[in-house]
Amino acid sequence: MPVEPQPSAAAGAAAEAEVEVAASAGEAVIAARGVTKRFGEREVVCGIDFAVARRECVGFLGPNGAGKTTTIRMLTCQSPLGGGEIRVFGLPVGPRNERAIKRRIGVVPQDENLDPDLSVLVNLLVYASYFGVPRAEAARRADELLRLFALSDRQDARIDTLSGGMKRRLSIARALINHPDLVVLDEPTTGLDPQARHLVWEKLRELGRRGTTMLLTTHYMEEAAQLCDRVLIVDAGRVIAEGTPRELVRLHAGREVFEVFPPFDDALRERCAPHASRVEQAPDALRFYLDGDLPAEPLFAALAGREFLHRAANLEDVFLRLTRRDLRD
Amino acid sequence: MIDTSSGGDSALLRDPFGLGGATDERIHPASVVRVVRRNFLSWRRFYRASLVSALGDPLLFLFGIGWGLGRFVGELDGVPYAQFVASGIVASSVMNVATFETTFSTFARMREQRTYEAIRATPVSLTEIMAGDVLWACCKCLLTATVMTLVLWIAGLLRSPWAALLPVAGFLVGVPFGAIGMCVTSRAQSWDYFTYYFTFGVSLMFYFSGIFFPLASMPGALQAIAWCLPLAHGVAITRALALGALGPMLLVHAAVLALYCSVTFRLAARWMHRRLVT
C-alpha cells in the first residue's frame, strides 16, 4: 500500500520515488472505485469500477454521452473527481498528485488540439518541453516518433495542411513524447476514413506489442475487438459488462447469428425460433442467435428459400442486447 | 512577475488563489518559461506584422498629434508638446500591446485553438499557462518599448539619460495590463465581449491618463478618478524617465501598478479555473 506523499516542498520527488515502489510491486496502473461525476443536476458517471493492469489495452465501449470522456478526463487529472476514488500508478487522483500523474501519462484527445501556430516537428519539441524533456533528447524522440508514424517527410508542414489521418497520427506521436507509462486515447479513429483508421489501428497494435499500457474509448465495436485485450461496455454512466471481446461475445451474444431482413412475419419467427437459443426482433432485422454447440443445420433448413445473412456473433450484438432496454424506451 | 503574482509567505504560495486546495497551485518558474517559449516560437512566424502594428500606430499618432498639434500648443509644463506626448505614448503603446496579447491572442489560444487544453494535459498547470501568457505579453512590451525608445531618441524627443530605462519600464508597466486583459478574457464568452473593455477601459484610459494634457489641469474629482486608472501611473513613470524628472513619487506609481497586477492576476486565475476546470 503506497504511503500518502507529504505536503512538503519535496512532495514531487517523494511522489516519484513512491511511484517506482508502486510500479515495481506490480500494482494496477489504474484502479478506479465508485467513480461518479455530476454536472449540475445531471449525473454523467454513476459509480464506475475498473482496473487496468500493466501492458494491457483496455477499451471503454459505449455510445456518445455514456460518460467515457468524462471518466477519462478525471483520471488524467483534467477534470476534478466527482466522487469515489481513482488511483493512477498507485497515486490517488487529486490536486496533490496532479503533476506526478500527468508527467507519466500521454493523452490523445477526442478533438485534435495540435498547435496550429507551429510546424509538425516543433509541435513535438514544444510538447516535450512541457514535460521538461531536455532539448537534445526531445529532438531524438521526435525524430523517432515521426518515423514510426510515417510523418518524417511532413515534419516542416503546418498543421492545417495535414489530412485528418495525419493529424491523428501526430496527436498519438505527441502523446508518446514523454515516454508515458500509460497512454489514454479518446476515440482515436472517430471521423477518419477507413484507410486512415486502419493505419492508426496498425500503429496502436504496434504500441501494444511494445508493451504500452493503453486505455481507449470508442463507439466502434470493430475497433474494440481489434485492439483491446479487455472491453468495458459503458452505458448511461455505468459499466454494464466487462471481459475480453471473445468472452463478451460468447457470454452475451452467442456463437453465430442468422439475420433475416424485412418483410418478415410471425410464421417465419415461429418456424425458426425452436432451433435458436435466442430470438431478437428489431425493426431492421430478425436475429436468431445460436449458443454453445446448438447445430446450425435446422435453421438453414427452416430458412431455405429466403434471403438471410449467416455470420459470427460480434460485439455489436453484445452491445445491442445489453442496451436493448434503452432501445425499447 | 512571478514573484509579484504569487505573493510572499508560504501559505500564500501553496494556495495563492484561495481555491481551497482544488488545484496544485505552486507556480514553477520553469513551466512558465516553457509557455513563454511556445509563444515566442509561434510569434517568430508573424513578427514583421506584429512589429508594424505595435509601432506604426503610436508613431503615426505621435508625429501627427505631437508635431501637428504641437505647433499650436507650444509648451506644456515647460516641455515642448511633442516631447510631452511622446513620453506618455510609450506607456499607452505598452498597454495596447499587453492588452491585445492577453485578450485576443489568449482567447484564440484558449478557445479556437484549444492550446490551453492541450497544455493542461501536461504537468504545466493552468495558472502557469496564464502566467506564461502574461510574461510573454510583457516580452512583447519590452520589444515595443525598446524600438520606440530608439525612434524617439533619434527624433530628439528624449532629453534625459534616464530614458535608457524606458524599455525596462515598458516591460514592468505591461504586467498589470496583461493581468487585467486576462481577467477580461476569463469572462469573455465571445469576441464581442472585448469591445466593452476596449471602449470603456482601454480608450478611456488612453484619453484620460495624462498623455495629452497634465492631469492637474482637470477638476479635482476627475483627477482623483484618473489616478485610479493604471495607465495614469504608467504614464507618470515613462514621463519621469523620458524627461528626467525622477522623484520618490515613482515608487508610489510602481506600488499602485504592483497592487493592480497582484489583485487582477489572482482574480483572473480564479475565474479561469472556474471556467475551464470542470
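A salt bridge here is a side-chain nitrogen of Lys or Arg within 4 Å of a carboxyl oxygen of Asp or Glu. By that criterion this predicted model holds 28 salt bridges over all chains.

Begin in chain A by selecting helix H5, which spans residues 135–148, and show A:Arg140 and A:Glu144, which sit four residues apart in that helix, about one turn. Their side chains form a salt bridge with an N to O distance of 3.5 Å. Color by accessibility and A:Glu144 comes out as partly exposed at 36% relative accessible area, while A:Arg140 is likewise partly exposed, at 44%.

Next, turn to chain B and select B:Asp133 together with B:Arg109, a salt bridge whose closest N and O atoms are 3.4 Å apart. Because B:Asp133 belongs to helix H7 (residues 126–154) and B:Arg109 to helix H5 (residues 81–112) of chain B, the pair ties together parts that are 24 residues apart in sequence. Are these two side chains buried or exposed? B:Asp133 is buried, with a relative accessible area of 1%, and B:Arg109 also counts as buried, at 7%.

Staying in chain B, select B:Arg114 and B:Glu117, whose side chains meet in a salt bridge at 2.9 Å, N to O. B:Arg114 is partly exposed at 21% relative accessible area, and B:Glu117 is partly exposed at 28%.

Finally, return to chain A and select A:Glu259, A:Arg278, A:Glu280, A:Asp284, A:Arg287, A:Arg311 and A:Asp317 together, for these residues are linked in a network of salt bridges.

Technical notes: Residues numbered from 1 in each chain as written. Chains lettered and ligands numbered in written order. Predicted model: local features only at pLDDT ≥ 70, side-chain atom pairs only at ≥ 80, totals over all residues. Heavy atoms only, no water. Helix = DSSP H or I, 4+ residues; strand = E, 2+ residues; numbered from the N terminus. Buried < 20%, exposed > 50% of the residue type's maximum accessible area, 1.4 Å probe, protein only.
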